Amino acid sequence: MKTYTVSVTVGQGSISVQPDRQVMTTDDEVQWVSSNGKRFTIEFEGAGPFTSSRLAFGAATARQRPRAKGQFKYSVISDENPTLTLDPVVVVDPPPTGP
């Protein structure tokens with residue numbers, strides 16, 4: 001199991017994430033962190049790979065383990081300015097098999 005961190009920077013007029021495409025397996029965990037202290041919400045289209053399709057700041061910054069495989073588009077939404085969004089991707093693959 002690996003733990004991945006997606007760094008989120010909410011600026012005055014834009015949002016950026018690093019990496020903008022996170023690839024992981026169903027055995028891994030991911031958490032989003034604010035690089036500059038600005039709060040945000042993560043919202044997936046449809047059901048999303050986690051227990052909730054909407055992760056408020058407290059949930060987004062906690063480790064999340066996916067429950068579904070596939071490619072999932074999500075939005076990072078500024079809590080301070082909800083019209084400010086970015087739409088990156090999380091890809092969840094099956095865990096590796098073998099010895």
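Two strands count as paired when DSSP finds at least two bridges between them. This briefing applies that rule to a predicted model, in which Gly-70 stands opposite Val-92 of strand 9. Strand 7 and strand 9 (residues 89-93) are antiparallel partners, with four bridges.

**Strand 7 and its partners**

- Strands of a sheet pair through backbone hydrogen bonds, and the sense is either parallel or antiparallel.
- Strand 7 (residues 70-78) pairs with strand 5 in the antiparallel sense, over five bridges.
- Within this pairing, Glu-43 is set opposite Ser-75 of strand 7.
- Strand 8 (residues 85-86) is another antiparallel partner of strand 7, and two bridges link them.
- In strand 8, the residue opposite Ile-77 is Thr-85.

**Ser-75**

- Ser-75 belongs to strand 7.
- The relative accessible area of Ser-75 is 19%, and buried means under 20%, so Ser-75 is buried.
- The side chain of Ser-75 makes a polar contact of 2.5 Å with the side chain of Asp-87.
- When neighbours within four places in sequence are left aside, the residues in contact with Ser-75 are Thr-41, Ile-42, Glu-43, Leu-86 and Asp-87.

- Four bridges join strand 1 (residues 3-10) to strand 2, and the two run in the antiparallel sense.
- Thr-9 has Ser-16 of strand 2 as its bridge partner.

**A cis peptide bond**

- The peptide bond from Gln-18 to Pro-19 is cis, and its omega is near 0°.
- Pro-19 sits in the loop between strand 2 and strand 3 (21-25).

**Aromatic pairs**

- A pair of aromatic rings is described by two quantities, the distance of the centres and the angle of the planes.
- Phe-40 is part of strand 5 (residues 40-44) and Phe-57 is part of helix 1 (residues 57-60), so their pairing ties together parts that are 17 residues apart in sequence.
- Phe-40 and Phe-57 are both buried.
- Phe-44 and Phe-50 make up another pair, with ring centres 5.6 Å apart and planes at 65°, so this pair is edge-to-face.
- Phe-44 and Phe-50 are both buried.
- One aromatic cluster is made up of Trp-32, Phe-44, Phe-50 and Tyr-74.

Definitions and conventions
Residues numbered from 1 in each chain as written. Predicted model: local features only at pLDDT ≥ 70, side-chain atom pairs only at ≥ 80, totals over all residues. Heavy atoms only, no water. Buried < 20%, exposed > 50% of the residue type's maximum accessible area, 1.4 Å probe, protein only. Phe/Tyr/Trp six-rings, centres within 6.5 Å; stacked < 30°, edge-to-face > 60°. Polar contact = N/O pair within 3.5 Å; in protein donor to acceptor, adjacent residues only side chain to side chain. Contact = heavy atoms within 4.5 Å.
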